[in-house]
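Here is a short briefing on side-chain contacts. It covers aromatic rings first, then charged groups.

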Amino acid sequence: MAILDYFHPLSTLKRQRETFNKQHQIPHTIAGCLGQALPALDSLCAELTYVVLDIETTGFNPTQDEILSLGWVTITQNQIDLATSQHVYIKHCDKVKPESAVINHITPKMLANGVTVDEAMHYFFSHLADKVLVAHGSVIEAGFFNHYARKHWQLPTLPLLWIDTLCLEKHFSTAIDHYNDVDLTLGGTRKRYGLPEYNSHNALVDALAAAELLLAQQKRLSRGSKDSFGRLYRLSQRK
Amino acid sequence: MDDSLLPNVIQFISQIDPFDKLPKNVLRELAQVIKIIYVSQGESVDLTSDQQEKHLYIVRSGAMEQRKKNGVLRARLETEDLFGFTFLDSDVDDDQGYQAIAIEHCLLYLIPHSALQSLFNKTPEYAEHFASQAQVRLNSALDVVWSNREKGLFIRKVSDVASGRVAVVTSDMSIQAVAHEMRMIKRTSCAVIYENDLIVGLITDRDMTKRVIAEAYPIDKPIKDVMTSSPLIVSPDDLVLHAASLMMQYNVRNLPVVENNRVIGLLTTSHLVQNHRMQAIFLIEKIKYAVSVKELVLLTPERQAIFEALVEGKVIPETIGKVMSMIFDAYTRRLICIMIDQLGEPPCEFAWIVAGSHARNEVHSLTDQDSAIVLADNVTANDRIYFKHLADFVTQGLDRCDYPLCTGNYMASTDKWCQPLNMWQQYYKKWVANPEYERLLNISVFLEIRTVFGNANFEQLLRQSLHSHILANKEFLGILVKDATRTNPPLGIFNSLVLEKGGENKKTLNIKKYAINLIIDLARIYALAVGSDALHTEARFEAANKAGVLSDDAFKNIMGSYRFILTFRFGHQLAALKEGKLPDNHINPDTFGSFERKHLKDAFRIIADQQDAAKLRFGSH
């Protein structure tokens with residue numbers, strides 16, 4: 001491996017994950033996700049599968065606030081597949097032990113009525129094997145997941161593979177203009193790409209909105225040629 | 001899944017015909033199988049590939065264009081438009097060979113054909129909505145090259161768009177006083193200048209910068225020293241399209257709006273571009289800034305849209321021909337410049353010359369390339385390689401922009417037509433001295449020449465030698481007449497057949513061969529007879545009329561016929577374009593109304609009369 005590849009953020013994450021998996025007992029819920037091999041640096045963006053996630057919360061502080069709902073949709077071969085879209089509401093009155101979430105099979109009826117946060121976590125992570133996680137401003141989603149892992153499993157920061165459309169946009173826009181503040185919100189960014197304005201907002205709609213944005217950003221990144229995932233991941237790191 | 005599943009997707013498709021006729025639960029099911037893709041500008045969606053599953057496409061945002069294999073524009077699609085539905089109609093298989101190209105970044109929803117088919121199998125009545133949709137779409141899609149709203153702009157009147165803010169001054173006012181009037185009083189970029197109650201000039205703030213400040217011209221001098229004399233004007237009732245054509249043709253940005261010699265407003269380019277769709281009309285500007293063949297190719301639909309708008313706006317054929325020629329010129333010049341940028345400065349002087357209808361400024365939607373290069377006599381064998389590259393690049397580039405290659409190879413890329421001046425002079429000498437069949441054909445192509453790029457002096461020298469050779473050979477004009485009158489117009493149209501003089505009946509009328517070319521040939525003969533340099537057919541008849549060779553009556557008649565036939569052909573080409581067909585010159589008489597029938601018959605008779613007159617006057621007896 002070339003020395004530069006060794007310091008590539010994706011290689012760093014790979015080493016973090018190996019250490020993490022060795023040092024900790026990995027709960028069943030995230031075993032499939034953390035057990036997967038990370039994409040190679042030179043794998044093509046278009047060949048990977050992405051799960052684009054948005055969560056609705058009562059606030060931005062994971063230690064005080066609660067997740068209200070999760071929405072996600074999958075991108076395969078540059079196509080957003082609406083058949084994969086999921087929208088999970090969380091109810092907070094019931095106390096259910098994490099173990100029971102593993103046992104319970106989630107039914108559509110339960111999704112409509114709301115599930116426990118444990119059930120939701122288990123359900124979401126069961127969709128993540130061999131996929132790349134995407135969010136707009138993934139620091140929020142990651143924060144809530146890490147808090148959950150610390151609280152329920154006594155685990156440190158989870159070595160999850162995130163692509164952040166907000167960080168990508170920051171890279172693009174600072175490349176053009178260092179001085180002016182650019183509107184990096186999901187709505188503002190979509191507007192610049194000529195993507196339609198969505199009036200209703202919920203976790204799933206915003207997840208779809210971020211997924212469409214990722215497609216547009218990948219087109220911008222590749223400009224006709226096929227881009228490597230390593231490049232996408234590097235640009236997606238926070239500056 | 002609950003009801004809030006992707007409300008934005010379901011809400012969007014539920015308002016689109018024919019999805020609006022489906023019940024909510026069916027829509028929800030369909031929404032489940034939608035795939036979403038993003039295509040960037042210039043990217044195409046392959047509709048013909050057999051490997052992937054076929055889809056019905058819905059444009060969610062952006063704009064697409066459907067083009068046939070030969071590049072003819074089929075439809076322009078915007079948000080809420082559908083394509084890829086032809087599969088629903090078993091009679092139509094011409095989706096084969098269609099290409100859908102994004103002209104803006106697009107978000108597309110894809111519904112798999114299989115999902116629709118299984119829906120129709122379950123509930124056949126839904127299929128009907130889609131079937132009729134397919135029919136309607138096929139027809140309506142064809143005329144949305146520009147939507148009616150956009151077209152509406154073109155046929156609006158100047159008075160609807162122009163502003164009332166214009167300064168009116170007199171020619172003896174000082175430059176400074178005029179500037180004060182423009183900036184401080186009227187706050188406008190333009191002043192109209194009167195002298196003795198007549199409009200004599202125009203001045204703009206750009207002129208002030210260019211002609212006063214840059215030249216350090218004293219500002220106490222009268223404005224008439226620096227004004228543009230005899231400015232172009234428009235009337236408030238003129239179509240916006242007409243005004244925009246003038247702006248393109250003369251490259252001006254300001255047109256005073258004048259009614260009964262009174263200035264009532266000002267039309268500027270910014271009035272037109274305020275609505276961004278109107279920018280299409282500034283195609284020539286866009287051509288000037290294109291940096292590659294690829295970028296030029298992308299402008300083809302706009303060119304076609306302008307042609308269609310001109311024809312539909314009933315603009316006179318002469319203007320249509322001129323505007324389309326200017327656009328053709330712009331493409332040619334731009335391609336030459338792009339190649340010079342790559343190859344370096346040309347090693348010797350040259351002229352890029354166009355011939356035939358392009359030279360006559362009579363370009364229409366079928367015009368192919370007729371071009372030549374005239375090189376300086378000091379050109380070396382090595383230099384010629386440079387021009388060979390240049391000519392190949394330009395002719396191939398034009399071909400990609402839908403200006404077809406000339407089937408007779410009358411193009412600069414043919415060695416024979418890329419020669420030094422003295423060789424060209426010998427060509428003309430030979431052709432005029434011995435106008436046999438082959439040479440007659442050559443000369444009829446190169447009788448009309450116009451410089452598009454390079455040293456225009458070569459063209460003048462060639463024309464001078466042509467005229468002197470023609471004067472020297474008295475028989476030449478007679479031979480030209482004999483050739484031009486070998487073909488006669490049809491006698492008329494009876495029972496859906498075109499009756500020709502030889503008694504032979506044809507099912508279609510070749511309007512080019514049996515009418516337009518005959519008039520063009522006559523005009524050329526008259527122009528040569530009176531030694532006129534005019535190229536445009538109408539200008540040639542005018543020259544002959546002024547010289548007393550063509551009577552006023554005959555002049556009026558032949559001009560009327562010419563305009564009628566050209567308008568008739570433009571209409572025919574437009575109809576073909578709208579049906580997604582390649583426009584041609586063959587017209588089926590079944591499509592004529594009695595009005596056209598009668599007028600065509602008159603036009604044919606006038607042409608035949610003029611042919612006889614020309615034979616009498618110039619013919620070799």
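Is B:Trp417 buried or exposed? B:Trp417 counts as buried, because its relative accessibility is 4% and the cut-off for buried is under 20%. The model is predicted. A search of the whole structure finds 32 aromatic pairs over all chains. The search for salt bridges, again over all chains, finds 21.

**A tilted aromatic pair in chain B**

- B:Trp417 pairs with B:Phe446. The ring centres are 4.8 Å apart, and the planes make an angle of 50 degrees. The pair is tilted, because stacked needs under 30 degrees and edge-to-face needs over 60.
- B:Phe446 is buried, at a relative accessible area of 1%.

**An edge-to-face pair and a cluster**

- B:Tyr428 and B:Trp431 form an edge-to-face pair. Their ring centres lie 5.1 Å apart, with the planes at 75 degrees.
- Helix H17 (residues 421–433) of chain B holds both residues. B:Tyr428 and B:Trp431 are 3 residues apart, so about one helical turn separates them.
- B:Tyr428 is buried, with a relative accessible area of 1%. B:Trp431 is buried too, at 3%.
- Both pairs belong to one aromatic cluster. Its members are B:Tyr410, B:Trp417, B:Trp424, B:Tyr427, B:Tyr428, B:Trp431 and B:Phe446.

**Arginines over rings**

- In chain A, A:Arg15 lies over the face of A:Tyr6, 3.8 Å from the ring centre.
- In chain B, B:Arg60 lies over the face of B:Phe12, 4.1 Å from the ring centre.

**A salt bridge between two helices of chain A**

- A:Arg192 and A:Glu169 meet through their side chains in a salt bridge, at 3.3 Å from N to O.
- A:Arg192 is in helix H9 (residues 186–192) of chain A, and A:Glu169 is in helix H8 (residues 165–176) of chain A. The pair therefore ties together parts that are 23 residues apart in sequence.
- A:Arg192 is partly exposed, at 40%.

**Salt bridges in chain B**

- B:Arg211 forms a salt bridge with B:Asp207, and the closest N and O atoms are 3.5 Å apart. Both residues lie in helix H8 (residues 205–213) of chain B, 4 residues apart, about one turn of the helix.
- B:Asp207 counts as buried at 7% relative accessibility. B:Arg211 is partly exposed, with a relative accessible area of 26%.
- The side chains of B:Arg486 and B:Asp483 form another salt bridge, at 3.2 Å from N to O. B:Arg486 counts as exposed at 54% relative accessibility. B:Asp483 is partly exposed, with a relative accessible area of 28%.

Terms used: Residues are numbered from 1 along each chain as its sequence is written. Chains are lettered from A and ligands numbered from 1 in the order in which they are written. This is a predicted model: local features need pLDDT of at least 70, side-chain atom pairs count only at pLDDT 80 or more; totals for chains, interfaces and linings use all residues. Side-chain values use heavy atoms; hydrogens and water are left out. Rings of Phe, Tyr and Trp (its six-membered ring) pair if their centres lie within 6.5 Å; planes under 30 degrees apart count as stacked, over 60 as edge-to-face and the rest as tilted. Buried means under 20% relative accessible area, exposed over 50%, partly exposed in between (1.4 Å probe, protein chains only). A charge sits over a ring if NZ of Lys or CZ of Arg is within 6 Å of the ring centre and within 35 degrees of the ring normal. A salt bridge is a side-chain nitrogen of Lys or Arg within 4 Å of a carboxyl oxygen of Asp or Glu.
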